[in-house]
Amino acid sequence: MDQISEPILRTYLPACILGVMILLIAAAGCMNTASAGGDSISGSVAGDYAGGTIYVAAIDAAAYTVSEIRVMETRERPERSQYVSGFVALDAPGEYVISGLAPGNYTIYAWADTDDNGRIDHLDYRDPTGWYCTPSHLTPVKVAVTPGGPATGIDVTLIAPTPYPGGDTNVTVGSGGGRLTVIDGCRVLQLWGMPDERAYAYGYLCGPQIRDWIDYVLIESFMQSPADYEELFIPYIREHMAPANPAYMAELDVMLSGMAAGGTDLYLSSVSRNLTRYDLLAENTYDFMLYYKLYGLMMGDLGINRTATGDAGVSPHLCTSAIAWGNLTANDELAGGVIHGKNMDGENDLRKVTVNSLLVIAVDPGPGAKRMVGIDWPGFIGTFNGMNEDGLVLVPHSSPSIPDWNATDLVPTTFLYRDTLQSESDVAGAWTYWERANGTRVGGHNAGVSSPYRNGTGSVPAAFETDSYGGAVRGPGVVEPDDCLLIANNYYLYQGAYPPAVERVDGYHAAVRPTDYRYRNMLALLDSYREEGRTVGTPEMIALMQSASVSEDYRGTTEYTFIAYPDAGAFAVAKEDLAKGILDAPFAEFAHFEFDEVFERPFPE
């Protein structure tokens with residue numbers, strides 16, 4: 001085990017805060033600060049609290065978006081930052097009043113500075129956070145302050161999700177079982193045995209974290225509307241997806257049993273009921289849920305009587321890959337082998353659940369199936385960023401294409417990835433598997449696929465450009481560059497087996513467009529490598545991932561970065577650094593693992 005240091009160490013300061021920092025009056029004890037005169041916002045603060053000063057801040061919603069709270073939190077004394085128009089400091093939960101506010105719309109955000117160190121400490125949920133929302137919309141809701149009209153009843157609940165336990169935890173289930181441990185600073189979940197044994201161990205060891213991911217990421221952050229989730233999406237997948245995946249549904253049932261046996265409280269506060277198998281299914285197809293929101297208003301045109309809000313909240317069209325091999329990696333480190341970098345972008349919940357709960361999941365299914373590693377979140381029985389023992393790698397990127405809403409045999413992408421990795425060894429085998437697989441894919445998707453190159457005797461990497469209706473395999477040279485492969489969130493080869501599904505959402509680009517910013521950033525960096533006579537190794541791949549994470553498309557949204565080395569049988573992971581306030585994972589420190597390393601476990605006594 002070792003650490004890969006970033007080649008260019010720098011702290012990313014988003015363009016949105018490059019102006020002069022406006023410092024507000026400091027708060028000491030119980031204090032209220034805002035401009036003189038004006039009106040007020042008042043309410044109460046309750047919820048999780050383990051000591052320290054509670055800050056309630058009014059953020060100008062006209063000047064700053066909710067996503068900029070993420071930037072505010074990376075600085076010391078966030079209550080004094082340019083984002084905050086006024087705040088109050090409390091010694092304990094209770095009533096608050098922020099007075100002296102100018103008319104306008106505000107976001108109310110609160111946190112408890114548990115150890116009074118002047119920061120918001122998200123690592124392992126040290127400092128609980130909360131915001132004003134409504135039962136119908138769970139992300140921050142704007143509060144209007146009008147002349148002579150104070151806003152009252154603006155209540156906030158502080159929440160600290162459940163961190164993983166310290167040390168190792170183990171469970172034996174029949175001839176299988178599981179172990180939750182820490183290797184090189186990363187949480188590693190080892191699972192072995194038959195599918196039901198692995199699923200039970202998974203639920204037993206990670207039950208609270210699975211529940212919290214569904215409560216605070218899937219429903220609160222992604223769907224945002226409990227009504228849409230309960231009345232539209234869950235009934236839809238219950239009818240159109242669950243019946244087509246009986247073996248996986250059986251695993252989810254066993255996972256739920258393991259959660260209960262491990263003592264997990266199954267209550268989901270966002271929807272006021274206990275967690276069910278369909279919530280676990282929804283988590284494993286969250287990408288499709290985002291499609292459901294984004295394209296929901298088009299359902300009527302396709303013969304479906306359901307309409308979602310049409311406001312996706314979180315765009316599914318994120319994530320970026322770069323894959324290099326051959327002459328481009330002919331150096332001492334890689335010797336012409338494949339290096340495959342992937343940014344996972346956009347799954348940025350305000351509570352930092354997607355960062356704190358990230359797992360390296362090492363699955364040993366026993367004879368007849370291949371061992372695999374997934375960089376995933378608790379509750380995924382499929383995988384989204386995976387590598388198997390033969391070096392086959394699959395990573396996801398959504399692409400615009402309207403799903404086949406009428407299909408009743410929808411298969412989550414995470415399930416398809418797992419099935420492929422447990423059975424295939426190379427790029428060609430993976431595509432053959434996809435062509436013959438039963439069921440309908442859930443929508444537009446670009447899979448970045450690589451396997452060992454072996455000095456030209458192995459596989460050339462590819463992008464599987466697919467949707468519910470068909471697909472195509474894009475290799476290097478379809479669009480620039482000719483000697484490696486870049487992947488983002490549109491098709492460059494596939495125009496749709498059912499063209500209207502792609503055409504209506506502009507999913508196909510005949511060439512790299514000026515507005516394909518992340519793609520163009522990586523192209524420009526590759527051109528500079530060629531001009532300098534540089535090959536691509538780990539430092540260069542990290543720089544490529546950095547260039548994609550801070551483009552004109554977006555920045556501050558890469559929660560983790562995965563680098564695979566198929567020829568070497570190794571991988572590396574970095575995630576948003578909650579201690580240092582680094583929002584984009586490729587600028588953080590990478591942990592490097594040999595594939596076999598994450599399967600090692602102590603012999604039983």
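The legends below describe close-up views of one predicted model.

Residues are numbered from 1 along each chain as its sequence is written, and side-chain values use heavy atoms, with hydrogens and water left out. Because the model is predicted, local features need pLDDT of at least 70 and side-chain atom pairs count only at pLDDT 80 or more, whereas totals for chains, interfaces and linings use all residues.

View 1. An open sheet of 10 strands has the order 11-12-13-18-19-20-21-24-25-26, and its pairing is mixed. Strands here are DSSP runs of E with at least two residues, helices are runs of H or I with at least four residues, and both are numbered from the N terminus; two strands pair if DSSP finds at least two bridges between them. Strand 11 (169-173) and strand 26 (471-474) are the edges, and each has a single partner strand, so one side of each is left without a neighbour in the sheet. From one strand to the next the twist averages 20°. Helix 8 (residues 413-421) packs on this sheet, where it touches strand 19 (372-376), strand 20 (386-388), strand 21 and strand 24, and its direction makes about 160° with that of strand 21. Contact means heavy atoms within 4.5 Å, while angles run from 0 to 180 degrees between N-to-C directions, with axes fitted to C-alpha atoms, for helices over the stretch in contact.

**View 2. Strand 24 and its two partners.** Strand 21 (residues 393-398) pairs with strand 24 (residues 445-450) in the antiparallel sense over 6 bridges. Within this pairing, Leu394 has Val449 of strand 24 as its bridge partner, and Ser398 stands opposite His445. Strand 24 is also joined by 5 bridges to strand 25 (residues 462-466), and these two strands run antiparallel; here the bridge partner of Gly448 is Ala463. Is strand 24 enclosed or exposed? Of its 6 residues, 6 are buried, so strand 24 is largely enclosed by the rest of the structure. Buried means under 20% relative accessible area, exposed means over 50%, and partly exposed lies in between (1.4 Å probe, protein chains only). His445, Ala447 and Val449 point one way from the strand, Asn446, Gly448 and Ser450 point the other way, and all are buried.

View 3. Strand 3 (residues 39-47) and strand 6 pair in the antiparallel sense over 6 bridges, and Val45 stands opposite Gly94 in strand 6.

**View 4. Helix 2 crossing helix 3.** The axes of helix 2 (residues 195-223) and helix 3 (residues 226-240) come within 10 Å and cross at roughly 90°. That makes helix 2 roughly perpendicular to helix 3, since angles of 65 to 115 degrees count as roughly perpendicular, under 35 as roughly parallel, over 145 as roughly antiparallel and the rest as oblique. Helix 2 contributes Ile214, Leu218, Ile219 and Met223 to the contact, and helix 3 contributes Asp228, Tyr229 and Phe233. By class, the contact has 6 nonpolar, no polar and 1 charged residues, where Ala, Val, Leu, Ile, Met, Phe, Trp, Tyr, Cys and Pro count as nonpolar, Asp, Glu, Lys and Arg as charged, and the others, Gly among them, as polar.

**View 5. The nonpolar cores.** In soluble globular proteins, nonpolar side chains tend to be buried together. A nonpolar core is a set of buried Ala, Val, Leu, Ile, Met, Phe, Trp, Tyr and Cys residues joined through side-chain atoms within 4.5 Å. The largest core in this model has 107 residues, and those with the most contacts inside it are Tyr202, Tyr229, Tyr286, Phe288 and Phe571. Helix 2 gives the largest share of this core, 14 residues. Not counting residues up to four places away in sequence, Tyr202 touches several residues, including Leu189, Ile210, Met255, Trp377 and Phe380. A second, separate core of 35 residues includes Val512, Ala543, Ala548 and Ala570.

**View 6. Tyr125 in its loop.** Tyr125 lies in the loop between strand 7 (104-113) and strand 8 (129-131), and at 8% relative accessibility this residue counts as buried. Tyr125 and Lys352 are 227 residues apart in sequence and 7.9 Å apart in space, C-alpha to C-alpha. Among the residues that Tyr125 touches, not counting those up to four places away in sequence, are Ala160, Pro161, Arg351, Lys352 and Asn356.
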